Amino acid sequence: MSCSNLFHEQTARQRIASLVDPGSFTEFLPPPARVMSPYLPQLDIPVSFDDGLVIGRAKLGGTPVYLAAQVGQFVGGAVGEVHGAKLTGIIKAAARDSIPCVFIAESGGVRLHEGSSGEIAISEAMRAVFECRAKRVPTIAVIGADIGAYGGMGILTTCCDFRIMTEHGRLGISGPIVIEKWMGKQAYDSSDRALVWKTSGGKTKFLLGDADVLANDDAASVGAAIKKLLAKSAPVTIKSVKARQQELERRLKTFGKTTDPDAIWTALGIADVAKATLATATEFTALAKKK
Amino acid sequence: MKTPLEKLFGKSAKGVVVKDKLMVGYAEVGGQEVCVFGTCDGTYIDNDAALRLAAHVIDCIENHRKAPIIMLVDSAGQEPNRTAEMLGLASYFGHLLSCLQLARQNGHKLITVATGKAIGGAFICYGMFGDRIDALESASVGLMPIDAMSAVTKIPVPILTKLSRTMPSLEFGAKPFALLGGVEEVWSDKDDYGAKLAAAVASATTDDNRAALGKKRGGRKLALDVRDRVLAETAK
């Protein structure tokens, strides 16, 4: 693993460049096209020429894919009207062309400065994801940035066929600061990074089954995981939703009274929690399989 | 004085059971059987609530073939909670949405009526997934009220209030949300809810027309054009 390739440290365009076949990426509505937020200038907030979302087409191991990658550096990757419309557009293109869609998430959710438009935009993107799924076009979410996927974007990734996470990625709805404000610092200390990552991070989500793959924090590992999933889909059927219903009921019954992520790790077969905490994704996956 | 359920479903409202601020059951609209579920009293939706609503959608798919599904929304959202997050509340919501998608694929029309609070995550986790979305005039629809938006963004209330006059996206309520295309029709207190609902069921299609509606009504001018531009460029 090369240190210049740490997935969580890369920008959206670097992530795409390091994942796809060299020279195969074409961006749509790129920065020179200047498709930007109409809201932010009126609030005296700087705009971004791509509105914080990179979309395009590329090849991955020779297979054509559509890609969307959020730019966390721009208002936390939050979804406004234009950002959301670009996202919905690329997912709808995937459905139309039966080309798999890879979504690299890095977002706190709706862009509050744009109000309800961003909220509707996420809902439209969800409809587009399910348009893909109805046609068995794979939708794959990658969550490997520190910002993670929160709010409506967290929910959107759970609508996709598959989720790939790294231990840096976090998946949830309410962020740690919001939970701390609501429950009190005694109940949840948002500055306790170990606790926050164990509550919402990739390792716990992988153990619970909400992340399908736990990848190492480098593009090679994430890329290998995507390639394995490109030929698969997880159609929504009566059998699949009934199985999921049972699984989620069992999870709530078993763990609904605990606040301790270590208790979940232990119950799900991690014998040495301290060792597993420091394990790489490869090692952790092996430990989780031993149960 | 009629309850909101009676206003919507008349005598058949008795088929809808209200328990722990969740409603599930079957009723009739215009003589046709419909599946009903939703939230009331502005309750929070947690993991358990999402599962109970999902179970009802699954029951409808299995035992009430093609019955339209009426989703009523009066919820303040999800309660920020450590255990709920740890257990993957997002996945519970994703599951509820998947059940609704399966219903759509199996020919069930999905109709939403925002009856009270339809705020943020509470609206996105089922109501906004409807084929057709209507709201009562009195419903609190939107991302968040202006004072809450000001508290988070640090932009003063007077500035947001002034801007909201030309940008309905920043305003809170059923009418501005309709200007964005997020709500098809706003019902007034004087309307016959039963008749409105019957018309909504009859007219619903599976096309997501919200971006087109937002452009037509002038509240969300760019969403449709940007999406169409992406679709055009990817088709080259």
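How many helices and strands does the secondary structure of chain B come to? The count is 11 helices and 9 strands, where helices (H or I, at least four residues) and strands (E, at least two) are DSSP runs numbered from the N terminus. The model is a predicted one, in which local features need pLDDT of at least 70 and side-chain atom pairs count only at pLDDT 80 or more, whereas totals for chains, interfaces and linings use all residues. Residues are numbered from 1 along each chain as its sequence is written, and chains are lettered from A and ligands numbered from 1 in the order in which they are written.

The overall form of chain B comes next. Its radius of gyration, taken over C-alpha atoms, is 18 Å, close to the 18 Å that the globule rule gives for 236 residues, so chain B is as compact as a globular protein of that length; the rule itself is 2.2 Å times the number of residues to the power 0.38. Along the principal axes, the C-alpha trace of chain B spans about 50 × 45 × 40 Å. Of its 236 residues, 58% count as buried. Here a residue is buried if 20 or more other C-beta atoms lie within 10 Å of its own, exposed if 12 or fewer, and partly exposed in between, with C-beta atoms placed from the backbone. Two residues are in contact if their C-beta atoms, placed from the backbone, lie within 7 Å. Of the contacts in chain B with a separation of 6 or more, 65% are accounted for by residues 24 or more positions apart.

Chain A can be described in the same terms. It has 12 helices and 7 strands. Buried residues make up 56% of the 291 in chain A, and among its contacts between residues at least 6 apart in sequence, 71% join residues at least 24 apart.

Now to where the two chains meet. The contact takes 63 residues from chain B and 71 residues from chain A. On the chain B side, the helices that each supply at least two residues include H2 (47–63), H4 (89–105) and H11 (223–234). H4(B) gives the most, with 13 residues. By class, this side of chain B has 34 nonpolar, 19 polar and 10 charged residues; Ala, Val, Leu, Ile, Met, Phe, Trp, Tyr, Cys and Pro count as nonpolar, Asp, Glu, Lys and Arg as charged, and the others, Gly among them, as polar.

Which residues of H4(A) are buried? They are Gly151(A), Gly152(A), Met153(A), Gly154(A), Ile155(A), Leu156(A), Thr157(A), Thr158(A) and Cys159(A). With 9 of its 9 residues buried, helix H4 (residues 151–159) of chain A is largely enclosed by the rest of the structure. The buried residues of H4(A) pack against elements of chain A, including strand S4 (101–105) and helix H3 (116–134), together with H4 and H5 of chain B. H3(A) and H4(A) pack at an angle of about 5°, with their axes 10 Å apart. Axes are lines fitted to C-alpha atoms, for helices over the stretch in contact, and angles run from 0 to 180 degrees between N-to-C directions. The two helices are therefore roughly parallel to each other; angles under 35 degrees count as roughly parallel, over 145 as roughly antiparallel, 65 to 115 as roughly perpendicular and the rest as oblique. The residues of this contact of H3(A) with H4(A) divide into 8 nonpolar, 1 polar and 1 charged.
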